Amino acid sequence: MDQDGIAIKVENLSKYYKLGVINNGTLFKDLQSWIARKRGKDDPHAKIGSRYDASQEGFWALKDLNFEINKGDRVGIIGHNGAGKSTLLKILSQITAPTEGQIKINGRISSLLEVGTGFHGELTGRENIYMNGAILGMKHEEVDRKVAKIIEFSEIGDYIDTPVKRYSSGMYVRLAFAVAAHLDSDILIADEVLAVGDAAFQKKALGKMNELSSGEGRTVLFVSHNMSQVKNLCNKGMVLEKGRIKFAGDLPECIGVYEADYKKMYRQQMNSLENNINHRTNGAVKFLDIVFSKESYFDDEIIEISIKIEVIREFKGLYFDLLIKKESGGATIAELSHCLEENIVKSGYKKEFTLKIFPGQILQGAYPLYFWLGDEQSVKTGNAYNYCVLDEYTPDLVIKKRSNYSVVQNMCFLKSDVI
């Protein structure tokens with residue numbers, strides 16, 4: 001590999017996952033793989049091909065990726081959920097091995113893949129700093145010179161000698177980012193971790209990554225669904241779609257490709273909604289329409305969503321629930337529940353109402369929304385007696401930064417009106 005200008009080179013990279021199978025699926029095959037590695041030979045079960053048992057169901061998370069990343073580049077890796085972004089970063093971070101192909105890395109890598117990754121819960125924040133330095137191959141004296149800056153940047157000095165298992169997710173991210181940014185690595189990999197921190201720390205972290213790349217020549221790989229953050233940080237981009245590279249090059253072109261795909265997907269979702277298909281229901285109730293008053297909102301504006309519903313058969317009570325997720329299928333960051341009708345609801349009953357979410361409750365970003373309608377029994381027992389669930393057949397809720405609100409990071413119930 002040319003050591004001069006290339007930080008990462010990927011050739012014919014693929015990753016295959018067998019559904020429901022851990023490692024190779026049998027103890028005998030696991031032992032064969034272990035013995036081969038101990039002898040310095042190729043893993044006989046590491047490649048898909050003639051040795052692959054086609055009877056095992058699975059899927060290609062990545063397929064035939066080829067690309068180069070130059071030193072000092074800030075690369076935004078974007079794509080819809082399930083595109084293979086996180087899998088790619090785990091392979092580059094050497095957390096998991098590729099099924100086929102190879103990667104060549106010029107330099108040391110520090111990764112921010114998930115909250116708490118790389119930390120030992122029983123160790124204090126300070127002890128975890130030294131442990132991460134040792135993992136990177138740094139001497140104790142080298143880490144000594146960095147500790148004060150790491151603690152200052154993380155802004156959790158009062159808790160630095162507390163076991164990290166007692167940290168909140170926001171504190172984890174602050175310390176993890178500070179460690180990754182200040183220890184001596186050549187390549188920084190970050191996967192959506194900044195979605196957890198508050199707005200002020202997000203801005204600070206993005207500024208630090210820019211400084212690392214432009215000032216110190218570090219290479220940055222950044223995964224985010226927040227196009228504003230990607231635009232502010234990155235100079236190059238890569239669009240993944242179903243495990244393959246759809247486009248790679250200058251960032252504006254990448255974002256154009258991604259947004260065109262998003263609009264196409266949104267139109268398909270709206271058609272599904274209009275045709276009353278592809279949403280889960282037992283036929284008791286259904287959504288007729290869901291309309292946002294604007295395409296996006298500033299965080300100091302009231303969010304308004306107009307909703308039309310219809311009851312198909314009689315039952316008692318009508319309850320509505322909205323969940324706001326950090327990502328599709330991910331953790332709920334906010335919830336709104338409301339009783340629309342307490343009494344018997346007759347077949348043919350229709351209702352139109354406006355959901356108003358007050359300002360300052362949600363950080364900037366794009367969030368998938370999950371809607372639910374149900375009766376009293378469904379609410380009390382959690383069972384599906386009469387219900388309808390609408391999963392992501394609306395555009396994401398997009399919040400832009402304009403004010404200095406302090407937003408609660410843990411899952412909270414929204415302050416709102418249903419009128």
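**Fold, cysteines and a buried valine in a predicted model**

Among contacts (heavy atoms within 4.5 Å) in the protein between residues at least 6 apart in sequence, 73% join residues at least 24 apart. This is a predicted model, in which local features need pLDDT of at least 70 and side-chain atom pairs count only at pLDDT 80 or more, while totals for chains, interfaces and linings use all residues. Residues are numbered from 1 along each chain as its sequence is written, and side-chain values use heavy atoms, with hydrogens and water left out.

User: How many helices and strands are there in the protein?
Analyst: Helices (H or I, at least four residues) and strands (E, at least two) are DSSP runs, numbered from the N terminus. On that basis the protein holds nine helices and 22 strands.

User: In which order do the three strands of the open sheet stand?
Analyst: Two strands pair if DSSP finds at least two bridges between them. Strand β1 (residues 6-18) is joined to β4 by five bridges, and Lys9 stands opposite Lys104 in β4. The pairing in this open sheet is antiparallel, and the order is β2-β1-β4. The edge strands, each pairing on one side only, are β2 (58-70) and β4 (100-105).

User: Which helix packs on the sheet?
Analyst: Axes are lines fitted to C-alpha atoms, for helices over the stretch in contact, and angles run from 0 to 180 degrees between N-to-C directions. The packing helix touches β1, β2 and β4, and its direction makes about 120° with that of β1. This is helix α2 (residues 85-92).

User: How many disulfides does a search of the whole structure find?
Analyst: A disulfide is here a pair of cysteine sulfur atoms within 2.5 Å. For Cys234, the nearest cysteine sulfur is that of Cys254, 9.8 Å away. The number found in the whole structure is zero.

User: Is Cys234 buried or exposed?
Analyst: Buried means under 20% relative accessible area, exposed over 50%, and partly exposed in between (1.4 Å probe, protein chains only). Cys339, at 27%, is partly exposed. Because its relative accessibility is 7%, Cys234 counts as buried.

User: Which residues does Val230 touch, not counting residues up to four places away in sequence?
Analyst: Val230 lies in helix α7 (residues 227-233) and is buried, with a relative accessible area of 0%. Its C-alpha atom is separated by 8.7 Å from that of Leu251, 21 residues apart along the chain. The residues touched are Gly76, Ile78, Phe222, Ser224 and Leu251.
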